[in-house]
Amino acid sequence: MEADFTAFGSPLCGEVKRFCRRVRETYREIQEDLTPYKDDRYYRLAPMRLYTLSKRHFVLVFVVFFICFGLTVFIGIAGPNVIETSVARTDLNNSLKLKPFNLSSPPLSTYNQQLWLTCVVELDQHDVSLKKNVTMTVRVLGVVKDGSTPYVNNQVHNRTRLLTCAQKCSEIIVAHLGYLNYTQYNIFVSFEDRNKLASTIQNITFTWKTYNPTFSQVEIWFRFVFVVLTFMVTCLFAHSLRKFSMRDWGIEQKWMSILLPLLLLYNDPFFPLSFLVNSWFPGMLDDLFQSLFLCALLLFWLCVYHGIRVQGERKCLTFYLPKFFIVGLLWLASVTLGIWQTVNEVHDPTYQYRVDTGNFQGMKIFFLVVATTYILYLLFLIVRACSELRNMPYVDLRLKFLTALTFVVLVISIVILYLRFGAQVLQDNFVAELSTHYQNSAEFLSFYGLLNFYLYTLAFVYSPSKNALYESQLKDNPAFSMLNDSDDDVIYGSDYEEMPLQNGQAIRAKYKEESDSD
């Protein structure tokens, strides 16, 4: 019996050992695929089209980028206005009392997307400066499509707004509806302490603001076009890398395989749902996708400028964790602000930051501190990478191109943000008011087009060329290397700076150092 048991146990133990050995080998192969060898960190990468471009081609790439971006701007300038306004002027007729106002909105559809009610106060004396708190009572009523049965929200909202006047009074947001359930709304507005206010107020002008239905249609079509283009670029980029092992991909190529699908979500293929479903969920989904892509782009910059100079394995704790922590805080702050505002507006259309000003100001300060930390960390990584790798073949070219294109995109983005929001980007009630500051379609299309064409350009230069696989196999063949390479053919960093890039001559030069392990 014991002999039979021993005979049965030996094959079983052998199978277990062989299985464990296969698991270890598989793990080692996966680790090799994900981690470049220390000695080959620059030369075992999949060739990029960036290496084969001449100076004339670099200029052509930037020219095409600016042409595509300029085309979207010109289309936006010729497009419709984003915001449609309807003024309901209320004349007090020198009345000594402010009576409650019954305001009916214009007919609405799902293409109007959102609805704002604002008011501007006109004083008796225009050259008088005034700053006081005004308490308003607001009640929102929704009317169904046939107008027969009104939906009455019995809850009355009392809100305090700050009235600031200096020659001209600032605009006050009375109510904001993030999505439209009804074809028309009736809003009743009354002011407390009416007797005191009537002596100083000459007139009050209420204004309805909604998205222009024509702009909504333009937005749907352009989002669709960007979704299709992004899908095509993603497929072409994946197709160009299909014959290369993942361990031969550069860090830029790995990150592009992540950013392109996120760009697809940034363009939001589910955007038409907001016109089919009367719910806050499609808008919340769009905000989530945008914040996710933008934070992934911020993380891409940190990882590339740091990872391009890190030798050997990039450990999770020391390499990725600090970057994920900083960018994760930015993402968490932006998502929290958006969800906070949306959820409160669903329950209270009159909600603004002053309802909970302490927490809101704390969140804003937290966001600015983390953003400043990110900028300083990114500048530190850029300076370190450029100072240490400026004479390295291939690598300095990757750094120069990425830095130049990213700098152009950041400058254009800052200009767009300033033209769109002015000095009020971080004003106290910026969450509720940002969406009302669009003037035309150009401000919308320019930002979307800028980020899309930025990723398309990076995907083009980081994708391998048509002959990349043949050239990489030819260089890696020991027989050809021994026949064609010599000590005189090795080009070092100082010589590389003086050598022009002409139609792929740079990539044909032999930068690979001889290794005993080969």
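This report describes helix packing, strand pairing and a disulfide in a predicted model.

**Helix packing**

Two packed helices are described by the angle between their axes and the distance between the axes.

| Helix pair | Angle between axes | Distance between axes |
|---|---|---|
| α5 (residues 251-266) and α12 (residues 441-462) | about 150 degrees | 10 Å |
| α5 and α7 (residues 281-307) | about 170 degrees | 9 Å |
| α2 (residues 55-78) and α12 | roughly 160 degrees | within 8 Å |

Helix α5 packs against helix α12 at an angle of about 150 degrees, and that makes α5 roughly antiparallel to α12, since angles over 145 degrees count as roughly antiparallel. The crossing in which α5 passes α12 is left-handed. On the α5 side, the contact is formed by E252, Q253, M256, L259, L260, L263 and Y266, which meet F447, Y448, L451, N452, L455, Y456, L458, A459 and Y462 in α12. Sorted by class, the residues of this contact of α5 with α12 comprise 13 nonpolar, 2 polar and 1 charged.

Helix α5 also packs against helix α7, here at an angle of about 170 degrees with the axes 9 Å apart, and this angle makes α5 roughly antiparallel to α7. From α5, the residues I251, E252, W255, L259, L262, L263, L265 and Y266 take part, and the residues that they meet in α7 include D286, F289, Q290, L292, F293 and A296, as well as L297, L299, F300, C303, V304 and G307. The contact of α5 with α7 divides by class into 16 nonpolar, 2 polar and 2 charged residues.

Helix α12 has a further packing partner in helix α2, and the axes of α2 and α12 come within 8 Å while crossing at roughly 160 degrees. The two helices α2 and α12 are therefore roughly antiparallel to each other, and α2 passes α12 in a right-handed crossing. In α2, the residues V61, F65, C68, F69, T72, V73, I75, G76 and I77 meet S441, A442, L445, S446, L450, F453, Y454, T457 and F460 in α12. The contact of α2 with α12 has 13 nonpolar and 5 polar residues, and no charged residues.

**Strand pairing**

Strand β4 (residues 129-143) pairs with strand β6 (residues 157-166) in the antiparallel sense, over 10 bridges, and within this pairing V134 stands opposite R161 in β6. Strand β4 is also joined by 8 bridges to strand β9 (residues 184-191), again with the strands running antiparallel, and V138 has V189 in β9 as its bridge partner.

Strand β6 is in turn joined to strand β7 (residues 168-169) by 2 bridges, and these two strands run antiparallel. The hairpin of β6 and β7 has 1 residue between the strands, and Q167 takes a positive phi near 70 degrees there. In this pairing, the bridge partner of C165 is C169 in β7.

**The disulfide**

A disulfide is a covalent bond between the sulfur atoms of two cysteines. A search of the whole structure finds 1 disulfide, and a disulfide joins C165 to C169 with an S to S distance of 1.9 Å. The link of C165 and C169 is right-handed, with 100 degrees about the S-S bond.

Methods. Residues numbered from 1 in each chain as written. Predicted model: local features only at pLDDT ≥ 70, side-chain atom pairs only at ≥ 80, totals over all residues. Heavy atoms only, no water. Axes fitted to C-alpha atoms, helices over the stretch in contact; angles between N-to-C directions. Helix = DSSP H or I, 4+ residues; strand = E, 2+ residues; numbered from the N terminus. Parallel < 35°, antiparallel > 145°, perpendicular 65-115°, else oblique. Left-handed = near helix turned anticlockwise from the far one by under 90°. Contact = heavy atoms within 4.5 Å. Nonpolar A, V, L, I, M, F, W, Y, C, P; charged D, E, K, R; others polar. Pairing = 2+ DSSP bridges. Disulfide = S-S within 2.5 Å.
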